[in-house]
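Please open the model in your viewer with the sequence panel alongside, so that stretches of residues can be selected by number. The stops below are meant to be taken in order.

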Amino acid sequence: MEITMGMFMWFYKQCRVYFAIQLGWCVWISLFLLVLVLALRQIFQKRTFLRGMLWGVFLLTPFAGRLELFYDENPIARIFLRWHVFCVRHPVAGDLYLAGMAVSAFLIFRRRVKLARLVGEMEQRPWGGRKIFVNREPATPYAIGALRPKIVIPAVMLERLDGEELRTVILHERTHVRLGHLWVYLLWDILRVILWPNIFLSLSMKFLKKDMEDICDRAVMQRGGLTSYEYGNVLLKSVKLLRSEQAPESLAAFAGERDYRELRRRFQKVAEHTPYRKGRTALMCVMGGLLLAGALFGIRQASFPKYTEMAGISLVDQKGNYFFLPPSSELDRAFRADGSRIYLNRDAFKEVLRENEIPEQTEGFWIGFDAYMKMPGIGDTPNVIYVDYSGDQPDLEIPYKDGQKTFFACMFKYFV
């Protein structure tokens with residue numbers, strides 16, 4: 001497949017409009033979902049696992065930009081359609097959106113890279129058959145790395161907590177890893193990048209982390225066989241140790257809370273802990289996953305396909321006038337393309353022009369064929385060739401290079 005800079009620029013220009021339209025709609029959808037999730041969190045304050053599962057609804061957001069309902073005849077759809085028209089008329093909107101994604105990705109993932117490098121330089125100690133990274137700074141314990149998780153524990157805790165207390169702290173971080181919370185945070189960062197105009201996604205991350213911490217606390221207490229008193233004592237001792245090494249106003253626990261009210265809320269949650277049924281919780285997670293999969297399937301069914309082949313051909317005469325020749329049996333007899341050559345029957349073509357009230361062509365014209373649509377107004381006509389019509393031969397046979405066989409044309413049509 002041929003690859004040139006010109007083809008790449010064509011690919012970029014197509015994608016900038018196509019993605020800006022879809023992601024712009026997704027931003028509005030994410031705003032609605034965020035309001036819904038934050039409201040439901042208040043309703044289900046005492047349902048720890050259900051609160052955490054609510055955030056999974058955001059996985060639907062990036063797939064909702066191709067919904068056909070955005071083109072329905074109703075006032076809400078007209079609002080979305082204005083964004084479509086704006087992006088088509090002002091392609092620079094796509095440039096700005098993609099630039100915003102690039103800047104957001106740099107700012108968000110730069111911190112991840114810097115933290116990974118910092119952890120890589122830390123001392124490593126074996127503990128429980130695994131390596132623990134030792135942080136000389138009095139910072140809260142944490143786990144990083146979705147693919148290769150690493151647990152970081154401050155030296156002050158390793159030195160001053162007894163074996164059972166340290167086991168609880170490390171178990172807490174391992175539980176974060178085991179429950180997939182590192183993946184949750186990574187996916188949330190990706191959402192923050194692709195939906196960057198919705199700054200509330202960044203602001204609401206603290207609520208996401210609160211819910212993940214509450215889930216982790218309950219799982220650790222049940223898994224470790226700890227009472228609320230025992231777990232609360234470890235939490236409180238951790239706070240005191242870190243406070244003794246930090247500024248007096250600093251408070252920190254396993255997940256890094258620095259606000260007294262939040263720490264008090266967490267202690268209250270620990271005090272109210274009651275054992276949960278693992279089977280029922282697992283069933284609830286499975287049901288939530290099935291609902292999410294069903295919603296994704298429904299979105300796909302209600303969305304435009306990857307592309308839709310457009311029958312018929314377009315014609316542009318020497319004066320620049322555009323005409324469309326709809327599919328018909330007469331057109332099939334007049335025009336045929338096999339991927340390397342087109343075949344044009346003059347007599348049949350004249351009849352097609354006459355049926356469509358198009359002036360007969362005498363010198364030459366451009367024809368476009370094999371067109372397809374990704375979304376209304378977004379697509380491509382990959383094959384446009386000039387037909388010299390000045391001769392008198394009854395049949396024309398013209399070689400051409402199939403534009404759909406180039407690398408970027410295939411990428412845009414089949415994979416974007």
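Predicted model: local features only at pLDDT ≥ 70, side-chain atom pairs only at ≥ 80, totals over all residues.

Residues are numbered from 1 along each chain as its sequence is written, and side-chain values use heavy atoms, with hydrogens and water left out.

Select strand E1 (123-127) and strand E3 (142-144), which belong to an open sheet of four strands in the order E1-E2-E4-E3 with mixed pairing. Helices (H or I, at least four residues) and strands (E, at least two) are DSSP runs numbered from the N terminus, and two strands pair if DSSP finds at least two bridges between them. E1 and E3 stand at the edges with a single partner strand each, so one side of each has no neighbour in the sheet. Neighbouring strands here are turned by 35° against each other on average, direction ignored.

Next, select strand E2 (residues 130-135) and strand E4 (residues 150-154), which pair in the parallel sense over three bridges; Val134 has Ile153 in E4 as its bridge partner.

**Helices on this sheet**

Contact means heavy atoms within 4.5 Å; axes are lines fitted to C-alpha atoms, for helices over the stretch in contact, and angles run from 0 to 180 degrees between N-to-C directions. Helix H6 (residues 163-178) lies across E1, E2, E3 and E4, running at about 150° to E4.

Now bring in helix H1 (residues 5-43).

**The three-stranded sheet**

Move to the open sheet of three strands in the order E5-E11-E12, where the pairing is antiparallel. Strand E5 (308-309) and strand E12 (378-380) stand at its edges, each with a single partner strand, so one side of each is left without a neighbour in the sheet. Three bridges join strand E11 (residues 372-375) to E12, and Met373 has Gly379 in E12 as its bridge partner. Helix H15 (residues 407-415) lies across E5, E11 and E12, at about 55° to E11.

**Aromatic contacts**

How many aromatic pairs does the structure hold? There are 25, where rings of Phe, Tyr and Trp (its six-membered ring) pair if their centres lie within 6.5 Å, and planes under 30 degrees apart count as stacked, over 60 as edge-to-face and the rest as tilted. Select Phe8 and Phe408, whose ring centres are 5.6 Å apart with planes at 65°, so the pair is edge-to-face. This pair links distant parts of the chain, with Phe8 in H1 and Phe408 in H15, 400 residues apart.

Phe8 is partly exposed, with a relative accessible area of 36%, whereas Phe408 counts as buried at 9% relative accessibility; buried means under 20% relative accessible area, exposed over 50% and partly exposed in between (1.4 Å probe, protein chains only).

Finally, select Trp55 and Trp188, an edge-to-face pair at 5.4 Å centre to centre and 85° between the planes. Both Trp55 and Trp188 are buried.
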